[in-house]
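Please have a look at it while I put it on the screen.

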Amino acid sequence: LTALRKELANPTGFIALKNNEITATPNGHMLQYNTPAPYQPQTSAEGWARVIGSIKADGGLSFLAHPFDEPWIYSGLESPANVIPEYAEVTGFEIVNGTIATRAQNRMAQELWDRYNISGWKRYVGVVNTDGHTKDQVAEVFNALLMDSLSEENIYDAYANGRLYASTGPQLRYTLGGADMGGTAYIPGDTG
């Protein structure tokens with residue numbers, strides 16, 4: 001962590017991305033990536049569905065941030081068992097927040113992410129964040145991305161396609177059944 005902080009103070013090979021938090025207190029705290037348009041916070045599931053649709057139409061990515069942390073619990077998602085179609089088009093979910101959410105809230109976010117993934121609507125990406133509002137909170141947890149080279153386009157592509165994993169320190173690179181991170185590994189005999 002100390003070495004990373006020194007690197008961030010004098011970055012080499014570091015890309016700063018322009019992204020946004022869309023906050024409605026109560027009822028939601030969304031992470032918006034790769035689109036400059038400002039979107040208005042919402043207090044209903046239907047309103048958030050419109051924002052998610054607009055972000056997607058503009059080529060951006062959206063992630064529901066710490067969905068079970070008061071007061072930002074999204075309308076309709078009061079329990080991880082609530083898998084509702086209004087959030088079906090979101091890119092993914094913040095499954096660990098290293099600063100704000102409790103362990104129980106992070107577990108609930110992971111369960112929600114899992115339930116959305118088994119819903120059959122699409123594949124959802126799980127990300128982690130420090131929610132670092134001060135320099136001392138940076139890099140407590142991080143997303144490690146699989147990319148051919150460091151570029152803004154490759155970063156957004158890795159987030160969009162789930163070519164990442166979350167960590168608090170160890171770094172991995174893996175292939176499973178011939179599929180790299182974010183790819184699809186098939187079970188022998190599986191036709192789908």
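This is a predicted model: local features need pLDDT of at least 70, side-chain atom pairs count only at pLDDT 80 or more; totals for chains, interfaces and linings use all residues.

Just after helix 4, Gly 162 takes a positive phi of about 70 degrees, where helices (H or I, at least four residues) and strands (E, at least two) are DSSP runs numbered from the N terminus. Residues are numbered from 1 along each chain as its sequence is written, and side-chain values use heavy atoms, with hydrogens and water left out.

Helix 4 itself covers residues 152–161, and its buried residues are Asn 154, Ile 155, Tyr 156, Ala 158 and Tyr 159; buried means under 20% relative accessible area, exposed over 50%, and partly exposed in between, with a 1.4 Å probe and protein chains only. An α-helix has 3.6 residues a turn, so residues three or four places apart point the same way. Which strands do the buried residues of helix 4 pack against? They pack against strand 1, strand 2, strand 3, strand 5, strand 6 and strand 7, with contact meaning heavy atoms within 4.5 Å.

Five strands form an open sheet with mixed pairing, in the order 1-2-3-4-5, and two strands pair if DSSP finds at least two bridges between them. Strand 1 and strand 5 stand at the edges with a single partner strand each, so one side of each has no neighbour in the sheet. From one strand to the next, the twist averages 30 degrees. Helix 2, residues 45–57, packs on this sheet by touching strand 1, strand 2 and strand 3, and its direction makes about 10 degrees with that of strand 2; here axes are lines fitted to C-alpha atoms, for helices over the stretch in contact, and angles run from 0 to 180 degrees between N-to-C directions. Helix 3, residues 103–117, lies across strand 4 and strand 5 and runs at about 155 degrees to strand 4.

Within the sheet, strand 2 and strand 3 pair in the antiparallel sense over four bridges, and Met 30 has Leu 64, in strand 3, as its bridge partner.

Finally, for the chain as a whole, there are four helices and nine strands, and buried residues make up 39% of the 192 residues.
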